[in-house]
Each structure stands twice: as structure tokens, then as C-alpha cells.
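Here is an explanation of a structure, written to be read beside the sequence and the coordinates.

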Amino acid sequence: MTGHEDLPAAARTRRLEERLIAAGLATDEEIDAFLTRLYANASPVNGALMVARAWTDPGYRELLLADGNAAAGAAGFALAPPEDGGYQLQVVANSAQVHNVIVCTLCSCYPVSLLGPSPGWYKSFAYRSRTVREPRAVLAEFGVALPDSVAISVWDSTSEARYMVLPSRPAGTEALGAEELATLITRNGLIGTALV
Amino acid sequence: MSYPAGSLVRVRAGDPDHHTRVPGYVRGHTGEVVAVLGRWALPDDRARGITPPRVETCYAVRFSAADLWGSGDHTVTVDLWESYLDRP
């Protein structure tokens with residue numbers, strides 16, 4: 001198995017870090033502390049718990065769609081606002097009429113603390129360039145076959161806003177509570193490359 | 001100049017010689033503001049070390065795929081700062 005440090009991208013990243021350090025813009029310790037903060041407790045379980053709560057609590061669903069940061073805070077996942085180096089969470093809801101999918105064509109932004117580290121394909125040139133151009137074909141490759149009657153709404157994350165999809169609650173889950181529902185929700189569902 | 005939700009806006013077509021957050025594929029295209037997101041520092045200024053950076057309203061602007069690419073039935077929504085936009 002190849003270690004992460006052997007990848008060309010890791011070498012490029014290290015060279016960039018060295019330039020930042022040489023320019024006096026950051027120290028090794030600051031970079032390490034930032035990455036530790038970024039990934040500490042970051043997991044798609046967090047986003048899944050918020051979605052499951054929205055499925056079972058209409059008031060929470062309303063808050064989630066109106067003020068994502070407040071909804072994250074209410075679920076115990078406080079998010080710093082953009083002014084403090086964080087992000088503004090924008091949640092977009094799937095329905096029988098619309099399927100949402102998230103991409104970042106400029107880099108690979110997404111709400112890391114609620115979705116966990118982004119998958120490799122999310123950072124790939126193929127996903128980033130094709131999703132804005134032919135999302136129906138991309139989704140089909142993920143196994144999401146949508147009828148033509150469902151409109152596709154692509155969100156290109158180019159700002160301090162970070163997007164998360166609120167999937168539709170699957171049929172046949174009426175008897176399940178929020179805790180069980182949360183186990184059904186995947187990271188891909190929160191990006192929009194899966195139905196749930 | 002501010003653009004309430006529902007406004008039509010045109011993305012400036014220029015290709016600046018510095019960092020920007022305007023994806024090439026929306027330059028010169030007209031879209032509709034679907035959300036006013038917040039007032040945040042302009043990345044173009046931050047990347048150039050301009051202090052203080054301009055702080056501007058950022059909008060979620062929706063474009064039709066047919067307009068962007070000539071085909072497709074989907075929409076693409078892109079977040080754009082105020083100085084990236086003009087009235088169409």
C-alpha cells in the first residue's frame with residue numbers, strides 16, 4: 001500500500017506549505033493546528049443526524065433550510081461564520097420535482113465538519129467539470145437514475161457558503177425514529193450523488 | 001447597486017489578471033438571483049493582500065444549462081460577489 005506521503009499531490013502540497021512558511025505567512029505549527037481543527041470530529045454522521053432530525057421534526061427542517069448555521073448549532077455542531085474563518089451552511093432540499101447536487105468547480109469546497117473529508121472523486125477534474133455540464137449522466141454513473149420529470153439543480157460552491165443536500169425521506173421508513181433514520185443517510189446522499 | 005432575489009444579473013465577461021472566484025463558464029452570461037447570501041470579503045482583494053479587502057454582498061445566481069452550454073435541462077447556481085455582476 002502506498003503511503004499518502006508518496007503521492008505527487010502530497011509533495012506539491014508540502015512545497016506550497018514551504019513557500020508559505022518561507023514567506024512568513026504561516027508556520028508549520030499553525031498549519032498543523034488548522035488541519036487538526038478542520039478534521040477533528042468531522043464526519044458525515046453529523047450531517048446525517050441533522051437530516052434525520054429534519055425528517056422527523058418540521059420545525060427543525062424549517063430552521064435547517066432558513067439558517068443552516070443555527071440548525072447545526074442546535075444539533076451540537078457549532079459552525080464558525082465566514083467572518084471567523086468558517087462557512088455559511090446552505091441546505092437545499094430534494095423533492096419529487098427537484099434533485100440537488102453539489103460541486104465545487106474551482107477547488108473542492110464542501111462542509112467538511114458535517115460531511116467528513118471529501119471523497120477523492122469529489123476533487124477530480126472529471127466530477128468538477130462534468131457535473132455542471134451533464135449532471136444527469138454523472139448521476140446515472142453513480143447509480144442515480146432520475147426520471148425526466150425531476151429537474152436537476154446543480155450548486156457550484158464558489159463562495160464562503162457551503163452546500164449540503166437534504167435528501168427526501170425514503171418511502172417505507174415511517175416507523176423509524178431519528179436515530180435509525182440517520183443510519184440510512186450516506187455522505188453521497190448529502191452531496192446529491194445518491195438519493196439518500 | 002444591490003440585487004434582490006428575482007433580479008436578473010449579467011456576469012462581467014472580463015478575465016482579470018489576478019485571482020477571482022468567477023468560474024470561466026458563467027462569464028458574460030445572464031442569470032437570476034435566487035438568494036442573497038451575506039456580506040463577505042472579496043476573494044480577489046484577499047488573494048492580493050489588499051487590506052482591508054472590499055466587503056461585498058454575495059449572491060447565489062442561477063443559470064440555465066441551455067444558456068451556458070447550448071444544451072441540457074438542468075440549472076447551475078453559482079455564488080458571485082457584487083462586483084462580478086452588472087444589470088443585464
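This is a predicted model: local features need pLDDT of at least 70, side-chain atom pairs count only at pLDDT 80 or more; totals for chains, interfaces and linings use all residues.

Residues are numbered from 1 along each chain as its sequence is written, and chains are lettered from A and ligands numbered from 1 in the order in which they are written.

Chain A holds eleven helices and four strands; helices (H or I, at least four residues) and strands (E, at least two) are DSSP runs, numbered from the N terminus. The radius of gyration of chain A is 18 Å, close to the 16 Å that the globule rule gives for 196 residues, so chain A is as compact as a globular protein of that length. That radius is taken over C-alpha atoms, and the globule rule is 2.2 Å times the number of residues to the power 0.38. Along the principal axes, the C-alpha atoms of chain A fill a box of roughly 55 × 35 × 35 Å.

Of the 196 residues in chain A, 37% are buried. A residue is buried if 20 or more other C-beta atoms lie within 10 Å of its own, exposed if 12 or fewer, and partly exposed in between, with C-beta atoms placed from the backbone. Two residues are in contact if their C-beta atoms, placed from the backbone, lie within 7 Å. Among contacts in chain A between residues at least 6 apart in sequence, 65% join residues at least 24 apart.

Helix α3 of chain A covers residues 44-56. From first C-alpha to last, its 13 residues reach 19 Å, close to the 18 Å expected at 1.5 Å a residue; the expected span is 1.5 Å times one less than the number of residues. Ten of the 13 residues of α3(A) are buried, so the helix is largely enclosed by the rest of the structure. Among them are N46(A), R53(A) and W55(A). The cover over the buried residues of α3(A) includes α4 (58-66), α5 (68-74) and β4 (161-166) of chain A.

Helix α5 of chain A also contains N69(A). This residue is partly exposed, with 18 other C-beta atoms within 10 Å. Leaving aside neighbours within four places in sequence, N69(A) is in contact with L79(A), P81(A), Q88(A) and L89(A).

Chain B has two helices and five strands, in the sequence order β-β-α-β-α-β-β. Its radius of gyration is 13 Å, close to the 12 Å that the globule rule gives for 88 residues, so chain B is as compact as a globular protein of that length. The C-alpha trace of chain B spans about 40 × 25 × 20 Å along its principal axes. Buried residues make up 33% of the 88 residues in chain B.

The contact between the chains takes 18 residues from chain A and 15 residues from chain B. On the side of chain A that touches chain B, α8 (125-133) and β3 (151-156) each supply at least two residues. Strand β3(A) gives the most to that side, with six residues. The residues of the side of chain A that touches chain B divide into nine nonpolar, five polar and four charged. Here Ala, Val, Leu, Ile, Met, Phe, Trp, Tyr, Cys and Pro count as nonpolar, Asp, Glu, Lys and Arg as charged, and the others, Gly among them, as polar.

Four bridges join β3(A) to strand β4 (residues 75-81) of chain B, and the two strands run parallel. Strands pair if DSSP finds at least two bridges between them. In β4(B), T77(B) is the bridge partner of W155(A).
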